[in-house]
Amino acid sequence: MDDQDISRRQFMIKSCASVGSAWILSHLPEIAAAQQHARHVVQSPADDKFEFFTAEQAAETEAIAAQIIPTDDTPGAREARVIYFIDRALATFASSDRPVFVDGLKDLEKQTRKRFGKTKTFSALSSEQQTELLTGIEKSPFFELVRTMTILGMFSNPEYGGNHNQIGWKLLGFEDHFHFKSPFGFYDAE
Amino acid sequence: MIHQQVRFDAQTEIDFVIIGAGAAGGIIARELSTAGFRIVVIEQGPYMTEKDFEHDELKYMRQRAITNDYKREPNTFRATEKEKAKVQPAVIYGRQVGGGTVHFTANFWRFHEVDFNERSRWGSIAGSGFDDWPISYAELEPYYTKTEWELGVSGLAGASPFDSPRSKPYPLPPLPIKSSGVLAERGAKKLGWHAFPAPMAIISQPYRGRSACLHCGFCEYFGCEAKAKSSTLATVIREAEQTGRCEIRADSCVRKIEVNKAGLVTGVTYFDKSGREHFQRARAVVLCANGAETPRLLFLSKSSLFPQGLANSTGKVGKYLMFNGHARASGLFEHPLNEFKSVAVSRVIHDFYDSDPKRGFYGGGGIDMRFVSYPMNFALGGLPPDSPRWGPKYKALLREHFTRTLHATGHTTSLPVESNNISLDPNVKDAWGLPVMRVTYKDHAEDMKTMGFFQARCKELIEAAGPRKVWTREVRNQTFGFHLLGTCRMGNDPRTSVVDKYHRAHDVSNLFICDGSSFVTSGRGQPTCTIQALAFRASDHIIRMAKNGDIKSAI
C-alpha cells in the first residue's frame, strides 16, 4: 500500500464517520480495496515536468486553455493544472492527436506574428487579443481538440494530472463520494 | 475471489456452451447448471468484478472500459440498403462478464399485455413486419416475477394505474425520491398524468447477501462497486459458479458455431485472449450474444449446409432491428437538484404507453425525468444549444446548469422494419480478421411521429414542473442504438421467424437463441427486464426438453 492508498483510506474513514453509516463502516475493507484498484493508465509524475511539451508549447497551450475556462472570481483551467493533464494525455492515450496539436500551435504562432508582430507569442498577447485570435479559429479541428482536452483535464479524476484540488468539480458543484443520503437536492428536501 | 471457479478439461463432456455472459446468458447459465448440466459460458469481454470498477469518467465513458471498443471491433453504418456503409459507431453493448447489466441504468419496467398482441389489436402497418408475439403477457408473467425476485428489483406494485396484472409485489421498496421525481410528480399532477415510483434493478435495502444502494450516482455507463445494481455479475453468475458445474471462460471470442453433416451443432470455435484458436465441444449451444452480435455470429457460421448463415434458411436473421425511439425536453430550475447523486430515475409516467388511434399514428412509450450527465460529458455538450462553447460566459453557465438541469425523456416504440438490420460488412474487418457488423437503420415514419409526439409531451411535463428555461432537441432519424432488439425474432411460423416460442432455432434442433434478438416488437424502451424474463422461461423449457431427451445431440 503506498501513501496515496493510505490517504484514501483515511479519507474514507473520515467521510464514513461523518455520515455514520453502519453498512459502510462494516464494509470498509471491501470499499477500500475497490479504491485501491483505482489505478490509472496515466499516473501523474513529479510536478512541473512535461513529458511531451516543450516549455514554449506548454505556455501557449495553457494560454488557450485559460481562455476556454478562464480564471475570474473562481479558479479556472490554469489553476486546475489542465496543462499537465494535456501533456500526460498526449504522451500516452492521446498520442495519435499529436500532429493536430503541434501543427495547430505552429499555425497559431504564424497568425500571432502576422497580426501582432514578429516577436510576439500567443501567451504574451492581451486577453482581448487572444480572444480575437481564438474566435477566428474556433471552428478549426485544432481548437476543437484543445477545447476537448481542456474540458477533460478540468473535469476528469485528479489522478490524471488535471482537476487539481478538484477545482473543476467544485466549479460545477459536483461531489465524488461513495455515499449520499436522501434528500439529495432542494425539491426532495422541501 | 469469493466464488469458486471450475475449469473443465478438454475431455469433459459439456452439455451446453452458452455464448455471452450477459443479461440472458448469465441467467441461463445459472438455471441450467443448477438443474445439473455442465456448462461453459464463453464471453468475449474480460472478467471484471466490483473491485475493478471505478468512478472514473475518462476511463469508462471515453475509453470504453466495459463496452465494445470501436478501435478493435468497429462497425459500419448506413441509413438504407442503397447506401454504402461507412465506419461509424452505431451500436454499444456491454463487453465483460455480466454484459449490459453491469453498465445499464437499471430501469426495469415490465412490458404490458398490449406489447405481446398489439398487431391483433391495432392491425397491420405498411412498411413494417409488425406482428404478435407467440407468447402472451400471462405466459411470461411468472417469469417477470421470478426475474424481479431472483435478481432484486425495487418498486411499488399497484402504483401505476397502467401496469398489467402481477402475481407478486416487488421484493424491495422503491428507492428514495429525488428532486427529478418530485418535479415529475408536480408536473404530472398539473397535467392530470400519473407519476409512479420507478422500478429499478438496484436494491433499496440489503437483499440476499448484497448491500443496499449507497446513492453514489455512478450507475449508467459504470459498474457498481457496492453490488447494489442487480447485474447478472452480482447475482446469478456467482450462483452458477457455486454449483461447480459452470465455467465462465472470459476474454474468449467465438468466431464460429460448428455443425456436423446432419446439421446439428457440435460446438464452437473461439479465440482466447492471446488470439489462439480453440474448439469447445458441447451437446447443445445457447446463443445469447445480444441483438447485434448474435446475428453477426450466425452469419459468420455459414457453411455448405447453411450457406446464408446458420439458422437462416428464411433469410430473417439480422432483420427487423429495433433501437427504441427517444425524445427529450430539458429544463433549468431555480434551485439545485443535485441529480448527480443516487440512481438515474425515481419516477416514471406511463399515461401514453398505449397507442391511441386518435393520434393518427401507431406508437407509444413512457416518460421519465433524469439528468444522467457526469462532469466531463456535461461540460463537453450538456448546455442548451444556444450556449457559448468557451470563455467566461461558458464557465458561468457550467456553474449554473450542472446541478440544476433536468431532462424529461421519452422512450418509445420502434416498428420492426425488414430493411433495418445487421449484416456482415463486405469490406471492413475487425482485429481478429473477421468481417465487422454493418448496421442499416432508418426509423419508420410512424416512429418519427411517435418521437415528435413524445417530445411535445416531454416539453409539457418540464414546463408544468416550473423551470426557468426550457429547450428541446430536434427529433432526428436515429443512427445509434443501445437497445439491440428483434434480429432473430421468435414465432410459430418457421417461414417468418428464426426461433420458436421456446427459443429453439427452427433450422437447428440443438441451437437455442435467447437475448434481445428474440423480440418480435420493441416494447416501450426498457427491454432488459423482458430479456431476463425470457431467459428464465427459455431455461425452464430447455431443461424440460433436455431431461425428456428432446434435444438431439451430435455427441
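Biologist: In what order do the elements of chain A run from the N terminus on?

Modeller: This is a predicted model. Chain A has 10 helices and zero strands. From the N terminus on, the order of its elements is therefore α-α-α-α-α-α-α-α-α-α.

Biologist: What percentage of the residues of chain A count as buried?

Modeller: A residue is buried if 20 or more other C-beta atoms lie within 10 Å of its own. Chain A has 190 residues, and the share of them that counts as buried is 35%.

Biologist: Among contacts in chain A between residues at least 6 apart in sequence, what percentage join residues at least 24 apart?

Modeller: A contact requires C-beta atoms within 7 Å. With pairs at least 6 apart in sequence taken as the set, the share joining residues at least 24 apart is 61%.

Biologist: Which residue is the bridge partner of Tyr270(B) in β9(B)?

Modeller: Strands β8 (residues 265-271) and β9 (residues 277-281) of chain B pair in the antiparallel sense over five bridges. In β9(B), the partner of Tyr270(B) is His278(B).

Biologist: Which residue takes a positive phi in the hairpin of β8(B) and β9(B)?

Modeller: The hairpin has five residues between the strands. The residue with a positive phi, near 90 degrees, is Gly275(B).

Biologist: How many residues of the side of chain B that touches chain A are charged?

Modeller: The contact takes 41 residues from chain A and 43 residues from chain B. On the chain B side, the elements that give two or more residues are α2 (57-62), α6 (179-191), α9 (375-381) and α10 (392-401). The residues of that side divide into 20 nonpolar, 10 polar and, as the charged count, 13.

Definitions and conventions: Residues numbered from 1 in each chain as written. Chains lettered and ligands numbered in written order. Predicted model: local features only at pLDDT ≥ 70, side-chain atom pairs only at ≥ 80, totals over all residues. Helix = DSSP H or I, 4+ residues; strand = E, 2+ residues; numbered from the N terminus. Buried ≥ 20, exposed ≤ 12 C-beta atoms within 10 Å, placed from the backbone. Contact = placed C-beta atoms within 7 Å. Pairing = 2+ DSSP bridges. Nonpolar A, V, L, I, M, F, W, Y, C, P; charged D, E, K, R; others polar.
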